[in-house]
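Trainee: Could you take a close look at one part of this structure with me? I'd like to go through the side-chain pairings one by one.

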Amino acid sequence: MSVTKRQQISIGEKLGYSLGDVAANLVFQVMMVFQLKFYTDVFGLEGAVAGSILLLVCLLGAFIDPFVGILCDRTDTRWGKYRPWLLWTALPFSVFYVLAFYNPGIEEKGLVAVYATVSYLLLIIMYALSSIPYSSLGGVMTSDIKERTSINTYRFIAVSIAQFVVQGLTLPLVNKFGGETGEVQQGWTTTIALFAAVSFVFLLITFFSTRERILPPPSQKSSMRKDVVNTVSNISWRSLFVLVLFLFITISMWGASMNYYFQYHVDQKTMFDFLGTLGLTDVGQEKGGLWFSILNGFNLVAHDSSDAYSIGFSLFNMVGAVIQLFGIIFLSRFLANKFGKKSTFIVCLFLTGVFTAMFYLPSPVDISFIFGLCILKSLAYAPTVPLLWAMMGDVADHVEYVSKRRATGFCFSGISFALKAGLGLGGAFAGTILTCFGYVSGQNETQSAVALQGIRLVSSLIPAFLFGIGVVALLFYPITKTYNRKMQAELNIRRRNNGVK
């Protein structure tokens, strides 16, 4: 086996690249966790209707993804193939984000559904035009296995911070910006506008701070048919496609359903008391203290049990994000280097499924049990987060290794197709299941016993089963640690012989 020179990337470039995924996740995390509930409780749509919108739009967006990948692969500018798309899409991406969470005064529910569909579709299209080039960029910044894992570790440390902000602060910010009169729509518009502005700036930083290094073989002639056939026929790509499809069905379903789980299954009085033990209520607290003022400034202090849902759910998400960040920093790279990406992913995803299933067990007053499961699930899942995207880069290399053709954009866009389809299917399944179990939209106090059972199932056993399908898909993934080393060594020899850096 040939020993190849390390192709190291500077910390500044890794940090700059990571901000691009912060920009994406300021949108993606909102879509995954809050979109369904926004449609049901703010736009007032039935769960099945809201779920159908998510499914229709995400499937349409998914079919656009391969064409975006093909377009990126055929882009040729002085900035490269993928980087310029971050510059071109930064502004429209941010604008359509705001429009997707804004109602211009439409009251008739049929027209609201039409507006929701169109605005969400425009956002999904812009998301594809930004995220696919961004992900593809990560596959051409370096061919070094360890550096690729390092880049994705930086990237998903940043993602965990974005997850912490979005999942932890969205509802408190919505309540804060909604004012004392409770103008929920105004609160959502202001909060999303804030996230959109940050996304715009971060996309520009990513564009200016990164560089593309891996080029297609000089002799490669443009052929869309060959790119498609070589990619789709590749076993590593097909395995990852199935994994991503079911992984994001599950993540979308679980993320959306836990919102309902905390509002309707969890006992709000017990949650309020639990928050009090953590100093997150104003009962018996020193209201003039600095820490209290900071928490209250972000609307993270509960004044009575009516605040327990939003603050409790925000705390739950914050705990999950912090634990995930810890796992990414201290476990992901270590486990991947020691056992390989495939083996690490299989074991961690299996454990994630087990802990997800256990969310069926807690009673409404078992708050500590629920938060304990959050810690265990987040810790189990954390190592897989950067590995998934590093594996996508490995798959693009495997397609080149087998076919002697490189189509990074199409490879990533095909996986993005699975991601979008999974995102839509997960939201649709969650909304449809809730409707079938009798969930009533906009009902703030309680739901029927049957509806509560549906909320528990879609938050535990059903997503756990879907995680299991992802584990099975990984068993067919051929790129082991040993195989990857051999593949990269040969690819580096080919590139040097072809005069490619």
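Let's start with Arg74: is Arg74 buried, partly exposed or exposed?

Mentor: Keep in mind that we're looking at a predicted model. Arg74 is partly exposed, because its relative accessible area is 34%, and buried would need under 20%. Its side chain meets that of Asp227 in a salt bridge, 3.0 Å from N to O. Asp227 lies in helix 8, while Arg74 is in the loop between helix 3 (47-73) and helix 4 (83-100), so this pair ties together parts that are 153 residues apart in sequence. Asp227 counts as buried, because its relative accessibility is 5%.

As a bit of background, side chains of opposite charge can pair when their charged atoms come close. The structure holds ten salt bridges, so let's go through a couple of others. Glu13 and Arg213 meet through their side chains at 2.8 Å, N to O. Glu13 sits in helix 1 and Arg213 in the loop between helix 7 (184-209) and helix 8 (224-232), so here the parts tied together are 200 residues apart in sequence. Glu13 is buried, with a relative accessible area of 7%, and Arg213 counts as buried as well, at 14% relative accessibility.

Now set that beside Asp273 and Lys269, whose side chains form a salt bridge at 3.0 Å, N to O. These two are four residues apart in helix 10 (residues 268-277), which means about one helical turn separates them. Asp273 is partly exposed, with a relative accessible area of 39%.

Back in helix 1, where Glu13 lies, you'll also find Gln29. Gln29 counts as buried, at 5% relative accessibility. Its side chain makes a polar contact with the side chain of Gln167, at 2.5 Å. Leaving aside residues up to four places away in sequence, Gln29 touches Phe34, Gln163, Val166 and Gln167.

Then there are the rings. A search of the whole structure finds 34 aromatic pairs. One of them is Phe28 with Tyr127, a stacked pair with 6.4 Å centre to centre and 25° between the planes. This pair links distant parts of the chain, with Phe28 in helix 1 (residues 11-33) and Tyr127 in helix 5 (residues 109-140), 99 residues apart. Phe28 counts as buried at 7% relative accessibility, and Tyr127 is buried with a relative accessible area of 9%. For a tilted pair, turn to Tyr261 and Phe262: their ring centres are 6.3 Å apart and their planes stand at 55°, so they count as tilted. Tyr261 is buried at 0% relative accessibility, and Phe262 is buried at 1%.

Finally, look at where charges meet rings. The charged end of Arg83 sits over the ring of Phe207, 4.8 Å from the ring centre. Likewise, Lys377 lies over the face of Tyr381, at 5.7 Å from the centre of that ring.

Definitions and conventions
Residues numbered from 1 in each chain as written. Predicted model: local features only at pLDDT ≥ 70, side-chain atom pairs only at ≥ 80, totals over all residues. Heavy atoms only, no water. Phe/Tyr/Trp six-rings, centres within 6.5 Å; stacked < 30°, edge-to-face > 60°. Buried < 20%, exposed > 50% of the residue type's maximum accessible area, 1.4 Å probe, protein only. Lys NZ or Arg CZ within 6 Å of the ring centre and 35° of its normal. Polar contact = N/O pair within 3.5 Å; in protein donor to acceptor, adjacent residues only side chain to side chain. Contact = heavy atoms within 4.5 Å. Salt bridge = Lys/Arg side-chain N within 4 Å of Asp/Glu carboxyl O.
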